[in-house]
Amino acid sequence: MPTKRIDLLICCGSGCVSAGALRIKDRFIEELKKNEIYDEVNIIETGCMGPCDFGPVLMVYPEGIFYIKVTPEDAEEIVNEHFIKGRPVKRLMQQEKDKTHATKNEIPFYQKQVKVALENCGYLNPEKIEEYIALGGYEALANVLNNKPEDAIEIIKRSGLRGRGGAGFPSGMKWEFVNKAKGSPKYVVCNADEGDPGAFMDRSLLEGDPHRVLEGMMIAAYSVGASEGYFYIRAEYPLAITRIKLAIEQAKEYGLMGNNILGTDFSFDAFVRTGAGAFVCGEETALISSIMGQRGQPIQKPPYPANEGLWKKPTLVNNVETLGNIAPIFNKGPEWFSNMGTETSKGTKVFALTGDVKNTGLVEVPMGITVKDLIYEVGGGIVGDKKFKAVQLGGPSGGCLTNDHLDVKIDYESLKEKGAMMGSGGVIVMNDSNCMVNIAKFFLEFSVDESCGKCAPCRIGLKQMYEILDKITKGKGKPSDIDELVTLGNSIKQLSLCGLGQTAPNPVLSTIKYFREEYEEHINNQACPTKVCLDLMHYVINKDICIGCSLCARRCPTSCISGSRQDKFTIAQVDCVKCGNCMEVCPVKAITKESGMHPDMVKHLKKLEQELLEYQ
Amino acid sequence: MKTLADLKAIREKAQHEMKLRNSNVRIKVIVGMGTSGIAAGAKDVMKTFIDEVATRALIDVVVSQTGEKGLSSMEPVVDVIEEGKPRYCYGNINSEIAKRIVVEHIVNGNPVKEFLISTE
């Protein structure tokens, strides 16, 4: 194979693929062939590079040029200018004010990040085990196999690594429990059932560097004395499933998996199980039931999976990101790892940054970074001219933090104290046009859907909470509803069987804690201050601005806007469905959203009520 | 694969294929690929360098390209850059001379004096 002179890395994380990364790749192949330099360029599909908002992104080595928002049409220019003539295309680099950032390291998005689990993600070809080996892969495994399992556990204990799935249980202790548990065979399970809305950390790691996770699993297996491992991945992640299966195959080809690995007594085999996408299967006992082919429902603990897990045998369940952190801890030493982070939370954490933030994407930051740095330095601040309002950490199980908490350090304890949680790492940033009651309702609706129905507090209680919230957003709330929600939420937290129910009320409780006045406004004044809840807002046309062009009337689906050039236009509030078409088409911006119900609507509702009473 | 040594052997071979992405490169060969360079045959020169570096398995050498240098009369122009040493600039290069540069300069460390334009 002739040596190449250019490595073209195309980000094929899910975000970039949906933005057209594969079409760009085809176009590059076409252009390279046309210019007869196809055999001089290595085209590599990598995992997620992180800045999904800039996607599709490309990197060109040896210079390390970073191109953003590339279209298939740009391929021609990049090939002609950069690849042939050596003039990188400035137009496609990240520009900020008067600065152009040519390489990855210059981009502010990357500057506060520290990559441990994602070290190779977006840099190597995830479908080639050789590239992983070239970067020092499987060396940690080889070294671990030359020592006693207890030594490996000791190293993990010293590193201070805690489970990255949400609860933050110390990984070394978990390994020790399984190691000491009686029973044979033992199993290792990788929990890749990532289900929070807006989370894509585990998915990206599996897609971008599957061998890293596999190596972590094998080290874990040797340490606890297991000889079989299962990856539990949801079916919605087809690429992650393909890549991990390929990784297992390649490891077997190279003799890194199978019997007597690297000439030792250690034998190991791994299997992939796909989940049907039930959120509750992220809970370890439900996940284990699902792997065994049973209904995905949690069971009471103890016995913990460490003693009675898969097929009633001792089982170690670790999250994808936890396993992704294992190899570097052995390669660079536990002290290197424990030097990062805070007193109780060591290392780094991967977050999926989404919502109203400029740089949405996949980020990895040291534990202990402040909320402010995460949102403003790494995330680049809030999109547009809106203000920051809140950030939801931990998805539907977590809570929100507000402006007052910008200096809170992100670690397991600090977040818990403030009513949020680390969770698996979903970060949803919200600006001041979000209605917090509506947000709480959204997350609760998710939990109601995903409740497995086994225990009553979760199945019935969450539904009750949802119905109260629904009434509040429709203007039918009672002043006592807020306290009712708090009481219900606290009971559900205490009485539920598994983590789903124990955490599901969090979004409601934390929004009540920090945005109580918004709830009160909905209940007492029947008004949604952010004009999100459709029943508690209305559209009005300002007659001083209206030019009487009738565009709004023509676009109204219910024909509730009428008027003339002289009289200007008005909305018949009772018939309005609040689709917002009129506001969109108005050429002079005469239409605005107003908080609260329109007096006409209030009158209409009263009349209906009266009629109903008379009829009865 | 049976031992750690086997793993290391595979790693070295694989590192060779990933060297473009590695910043620990000993020598960079940069071919001027502006319009006049290409007209004077820079594409062939580039190809020769790539092939020679590959057949000799020079792990720490990277071949790259740059734009017009302004020396149109002396195209194709090639720079050989080594960390801590002056930058050697060659002119009027063809495939034969390219091969000599690889053998004499890159492998043995003796710049090919008769085609040097400048040393900075």
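In which strand of chain A does A:Lys568 lie? Select A:Lys568: the residue sits in strand S18 (residues 568-571) of chain A. Helices (H or I, at least four residues) and strands (E, at least two) are DSSP runs, numbered from the N terminus.

Before moving on, some ground rules. Residues are numbered from 1 along each chain as its sequence is written, and chains are lettered from A, with ligands numbered from 1, in the order in which they are written. The model is predicted: local features need pLDDT of at least 70, side-chain atom pairs count only at pLDDT 80 or more, and totals for chains, interfaces and linings use all residues.

**Stop 1**

A:Lys568 is partly exposed, with 17 other C-beta atoms within 10 Å. Burial is a neighbour count: a residue is buried if 20 or more other C-beta atoms lie within 10 Å of its own, exposed if 12 or fewer, and partly exposed in between, with C-beta atoms placed from the backbone.

Next, select A:Leu262, in the loop between H11 and S9 of chain A. Phi is near 50° here, again positive in a residue other than glycine. A:Leu262 is partly exposed, with 18 other C-beta atoms within 10 Å. Most residues other than glycine have a negative phi, and most peptide bonds are trans.

Now look for cis peptides. The bond from A:Ser184 to A:Pro185 is cis, with omega near -5°. A:Pro185 belongs to the loop between helix H8 (171-180) and S7 of chain A. The bond from A:Lys301 to A:Pro302 is cis too, with omega near -5°. Find A:Pro302 in the loop between helix H12 (284-291) and S10 of chain A.

**Stop 2: a parallel sheet in chain A**

Show S7 to S10 of chain A. These four strands form an open sheet in the order S9-S8-S7-S10, with parallel pairing. Strands pair if DSSP finds at least two bridges between them. Strand S9 (269-275) and strand S10 (315-319) of chain A are at the edges, each with a single partner strand, so one side of each has no neighbour in the sheet. From one strand to the next, the twist averages 20°.

Zoom in on strand S7 (residues 186-192) of chain A, which pairs with S10(A) over five bridges. A:Val189 has A:Val317 as its bridge partner in S10(A).

Axes are lines fitted to C-alpha atoms, for helices over the stretch in contact, and angles run from 0 to 180 degrees between N-to-C directions.

**Stop 3: a helix pair in chain A**

Select helix H19 (residues 456-473) and helix H22 (residues 506-524) of chain A. They pack at an angle of about 35°, with their axes 11 Å apart. From H19(A), the contact uses A:Met465, A:Leu469, A:Ile472 and A:Thr473; from H22(A), A:Val508, A:Tyr519, A:His522 and A:Ile523. Residues are in contact if their C-beta atoms, placed from the backbone, lie within 7 Å.

Step on to A:Asn525, in the loop between H22 and strand S16 (537-541) of chain A. A:Asn525 is partly exposed, with 14 other C-beta atoms within 10 Å.

**Stop 4: chain B**

Switch to chain B, which has four helices and five strands. Its C-alpha trace spans about 55 × 25 × 25 Å along its principal axes. Of its 120 residues, 35% count as buried.

Select strand S1 (residues 27-32) and strand S3 (residues 78-82) of chain B. They run antiparallel and are joined by five bridges. B:Val29 stands opposite B:Val80 in S3(B). Three bridges then join S3(B) to strand S4 (residues 88-90) of chain B, also antiparallel. In their hairpin, with five residues between the strands, B:Gly84 takes a positive phi near 80°.

**Stop 5: where the chains meet**

Show both chains. Which helix gives the most to the side of chain B that touches chain A? H1(B) does, with seven residues. In total, the contact takes 25 residues from chain B and 26 residues from chain A.

Terms used
Contact = placed C-beta atoms within 7 Å.
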